[in-house]
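Please look through the sequence and the structure below before reading on. The paragraphs after them are meant to be read with the structure open.

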Amino acid sequence: MGEVAKGGAIVPESVLKKQKRNEEWALAKKQEAQELKKKNAANRKLIFNRAKHYTKEYEAQDKELIQLKREARLKGGFYVNPEAKMLFIIRIRGINAMDPKSKKILQLLRLRQIFNGVFLKVNKATLNMLHRVEPYVTYGYPNLKSVRELIYKRGYGKLNKQRIPLTDNSIVEQGLGKFGIICVEDLIHEILTAAPHFKEANNFLWPFKLKAPLGGLKKKRNHYVEGGDAGNRENFINELIRRMN
Amino acid sequence: MSYKFHQFQVVGRGLPTETDEHPKIYRMKLWATNEVRAKSKFWYFLRKLKRVKKSNGQMLAINEIFEKNPTTIKNYGIWLRYQSRTGYHNMYKEYRDTTLNGGIEQMYTEMASRHRVRHHCIQVIKTATIPAKLCKRESTKQFHNSKIKFPLVFKKVRPPTRKLKTTYKASRPNLFV
């Protein structure tokens, strides 16, 4: 039944079994924690190097653009800016009084609420969709600072159909690890440069819930070109994002 | 002084097709508040002049044009076409200003106040700096005097920008020069 232990009293077997089990578990846990720590340390290094690589890449891109423009001007020709590969859309009108086709398109773009924002890859299909819903949205080409600020301040990920804030790189890794995106900087790079896994990265990001713009909108009902707010405003979207973030 | 209207040089062309490998490149100088609007205006005018639209064309370059001598006073003549309530009319106006952008801004505000024409109904056809001899309007010619002297009879102290204007003030204005 039991065994004779220190005090001389009989220790029930179940207690001994439990003790052994607890020891084994504690050992396994300690080993796991050590391995995790080592992996984390290695990861941190990897993430740091990647982030360094990305900043170099962004700087190089900017410099290259300027250089190409200067070269073209020297030869008397023109250097046409490459068209933007991705853009940021913000829904600026409410839910009421919308025709069903536009409503459906906004749903497909995940813009179900006013002042929701999403990133979008540019291709013929999406451009035509945007054209259909132009009076209800404003969009443009975000720069690095906009993407960074949006993801750091208002970035939430879709894990298990839940909206989880991006507080740690592990959350990004959980969601997008299988594509090689293990940290927030990776995510930003993927979005900004419309890399091969843009679709998955973008879908992982829950649509941004922005606040109403400080200082107001000019005139929702008109197109940006006519003095209003709707439609393509190219680089001025960055200024709007600063006010809405 | 920040002007609302900036002058842009916009260069564009139709997209190259199989029949036309090197389509003609068109350049236009126009006024707009910012680049996005300038591009839109460019396509508006180009559509009216050539068979090309934004969808089958490409923008090659857009640059802002700055005033070469913003410290000298010049007489600007502006030819414009505007839409009134009853139809389109041409007009020639003269302004005395240091920069062309300033002159254009004067023109837009004057058209709005005198003729109730909003800025989207105005098309600037041509602008030129006019030597003093060829000015036609009395209101600019009256300043063509190198020894000009006129008193400022009373001085109203205004806030430097309209943003700082308040409706109520603690004291009555003192207009003494």
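What follows goes through a sheet, the nonpolar cores and one aspartate. The model is predicted.

Begin with chain B, where three strands form an open sheet in the order β2-β1-β3, paired antiparallel. Strands β2 (25-32) and β3 (57-65) of chain B are at the edges with a single partner strand each, so one side of each has no neighbour in the sheet. From one strand to the next, the twist averages 25°. In general, strands of a sheet pair through backbone hydrogen bonds, in either a parallel or an antiparallel manner. Here, β1 of chain B (residues 6-14) is joined to β2(B) by eight bridges, and the two run antiparallel. To find a point along this pairing, take B:V11, which stands opposite B:R27 in β2(B). Helix α1 of chain B (residues 35-49) packs on the sheet and touches β1, β2 and β3 of chain B. The direction of this helix makes about 125° with that of β2(B).

In soluble globular proteins, nonpolar side chains tend to be buried together. The largest nonpolar core has 34 residues, and A:F119, A:I151, A:L187 and A:I191 touch the most other members. At least two residues of this core come from each of α1 (13-74), β3 (86-91), α4 (144-154), α5 (169-176), α6 (184-192), α7 (198-204) and α8 (237-244) of chain A. Helix α6(A) supplies the largest share, five residues. Beyond its neighbours within four places in sequence, A:I151 is in contact with A:L166, A:V184, A:L187, A:I188, A:I191, A:L205 and A:F208. Another core, of 15 residues, lies apart from this one and includes B:Y95, B:L100, B:M107 and B:I122.

Is A:D229 buried or exposed? Its relative accessibility is 4%, and buried means under 20%, so A:D229 counts as buried. Which partners does the side chain of A:D229 reach? One is the backbone nitrogen of A:K218, at 2.7 Å. Another is the side chain of A:R233, with which the side chain of A:D229 makes a polar contact at 3.1 Å. With neighbours within four places in sequence left aside, the residues in contact with A:D229 are A:I92, A:T138, A:L217, A:K218, A:K219, A:K220, A:N222, A:H223 and A:Y224.

Note on methods: Residues are numbered from 1 along each chain as its sequence is written. Chains are lettered from A and ligands numbered from 1 in the order in which they are written. This is a predicted model: local features need pLDDT of at least 70, side-chain atom pairs count only at pLDDT 80 or more; totals for chains, interfaces and linings use all residues. Side-chain values use heavy atoms; hydrogens and water are left out. Buried means under 20% relative accessible area, exposed over 50%, partly exposed in between (1.4 Å probe, protein chains only). A polar contact is a pair of N or O atoms within 3.5 Å; within protein, one must be able to donate a hydrogen and the other to accept it, and residues adjacent in sequence count only if both atoms are side-chain atoms. Contact means heavy atoms within 4.5 Å. Two strands pair if DSSP finds at least two bridges between them. Helices (H or I, at least four residues) and strands (E, at least two) are DSSP runs, numbered from the N terminus. Axes are lines fitted to C-alpha atoms, for helices over the stretch in contact, and angles run from 0 to 180 degrees between N-to-C directions. A nonpolar core is a set of buried Ala, Val, Leu, Ile, Met, Phe, Trp, Tyr and Cys residues joined through side-chain atoms within 4.5 Å.
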